[in-house]
Amino acid sequence: PYNPFCNIGFNVAGFDSSGNAISADVSDWNGICVLYEGSISPTIQLDLGDSLNQKMGHSLPSVKMVSQKEPQCYEWSQFKQPDLEEGYEAISGEEAAKKVVRIVFHFQEQPNEEFYGHEDIEFIAIGTNRDE
């Protein structure tokens with residue numbers, strides 16, 4: 001009932017001795033910058049770990065990217081929860097940035113028939129949005 005998807009991401013703080021992913025406060029990053037080009041535009045999601053994700057109904061704070069050759073920078077305030085259903089916890093992008101386990105690039109669109117269902121993606125750089 002939905003378009004095929006693929007997730008590419010990275011853990012922010014690694015794992016504890018039991019193998020559980022650790023959350024980290026990345027609010028001092030001020031956001032994230034990405035240099036990306038591809039035939040599908042991903043959504044950047046802030047994964048807060050299984051228990052918090054469940055409390056939010058898996059409506060992860062996110063922002064939709066575009067495919068372009070220039071860097072794209074997003075502040076944490078731009079990350080919003082899509083389609084948050086009643087009864088689940090709401091969280092701002094700024095608050096979510098204090099509890100991030102993973103940064104996920106979520107690709108989900110109808111396959112491009114022009115490319116016979118094959119898509120191209122290229123991450124050139126990923127970094128923080130600090131004013132340095």
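1. Methionine 56 first. Its relative accessibility is 3%, so methionine 56 counts as buried; the cut-off for that class is under 20%. The model is a predicted one.

2. What does methionine 56 touch, once neighbours within four places in sequence are left aside? The partners are Leu48, Pro61, Gln81, Leu84, Tyr88, Glu89 and Ile91. Methionine 56 and glutamate 85 are 29 residues apart along the chain, yet 8.5 Å separates their C-alpha atoms.

3. Next, the overall layout. The protein has two helices and seven strands. Their order along the sequence is β-β-β-α-β-β-α-β-β. The protein has 132 residues, and 33% of them are buried. Take the contacts with a separation of 6 or more: 72% of these join residues 24 or more positions apart.

4. The core deserves a look. In soluble globular proteins, nonpolar side chains tend to be buried together. Here the largest nonpolar core holds 24 residues. Which members touch the most other members? They are Ile44, Leu46, Trp76, Phe79 and Ile103. At least two residues of this core come from each of strand 2 (32-38), strand 3 and strand 6 (102-108).

5. Leucine 46 can be followed contact by contact. Beyond its neighbours within four places in sequence, leucine 46 meets Leu60, Pro61, Trp76, Phe79, Gly93, Ala96, Ala97, Val100, Arg102 and Ile103. Trp76, Phe79 and Ile103 are also among the core members that touch the most others. Pro61 is a contact of leucine 46, and Pro61 is a contact of methionine 56 as well.

6. Now threonine 43. Threonine 43 is in strand 3, which covers residues 43-47. Buried or exposed? Threonine 43 counts as buried, because its relative accessibility is 15% and the limit is under 20%. Residues up to four places away not counted, threonine 43 touches Ser62, Val63, Lys64, Val104, Phe105 and His106.

7. On disulfides: how many are found in a search of the whole structure? The search finds one. Cysteine 33 and cysteine 73 form the link, with sulfur atoms 2.0 Å apart. The link is right-handed, with 115° about the S-S bond. Cysteine 33 sits in strand 2 and cysteine 73 in strand 5 (residues 72-74), so the pair ties together parts 40 residues apart in sequence.

8. Cysteine 33 has 13% relative accessibility and so counts as buried. Cysteine 73, at 39%, counts as partly exposed. Cysteine 6, at 40% relative accessibility, also counts as partly exposed.

9. Last, the open space. Rolling a probe the size of a water molecule over the atoms shows where empty space is left. The largest pocket contains about 250 Å³ of space. Its lining has 14 residues, and His58, Ser59, Leu60, Pro82 and Asp83 lie nearest the pocket centre. By type, the lining divides into five nonpolar, seven polar and two charged residues. Leu60, one of the residues nearest the centre, is also a contact of leucine 46.

Terms used: Residues are numbered from 1 along each chain as its sequence is written. This is a predicted model: local features need pLDDT of at least 70, side-chain atom pairs count only at pLDDT 80 or more; totals for chains, interfaces and linings use all residues. Side-chain values use heavy atoms; hydrogens and water are left out. Helices (H or I, at least four residues) and strands (E, at least two) are DSSP runs, numbered from the N terminus. Buried means under 20% relative accessible area, exposed over 50%, partly exposed in between (1.4 Å probe, protein chains only). Contact means heavy atoms within 4.5 Å. A nonpolar core is a set of buried Ala, Val, Leu, Ile, Met, Phe, Trp, Tyr and Cys residues joined through side-chain atoms within 4.5 Å. On a 1 Å grid over the protein atoms alone, a cavity is a set of points where a 1.4 Å probe fits but cannot get out, and a pocket is an open set with protein on both sides within 12 Å along at least five of seven lines; lining residues have an atom within 4 Å of a point. Grid points are joined across faces, edges and corners, and a volume is the space filled by probe spheres set on the points. Ala, Val, Leu, Ile, Met, Phe, Trp, Tyr, Cys and Pro count as nonpolar, Asp, Glu, Lys and Arg as charged, and the others, Gly among them, as polar. A disulfide is a pair of cysteine sulfur atoms within 2.5 Å.
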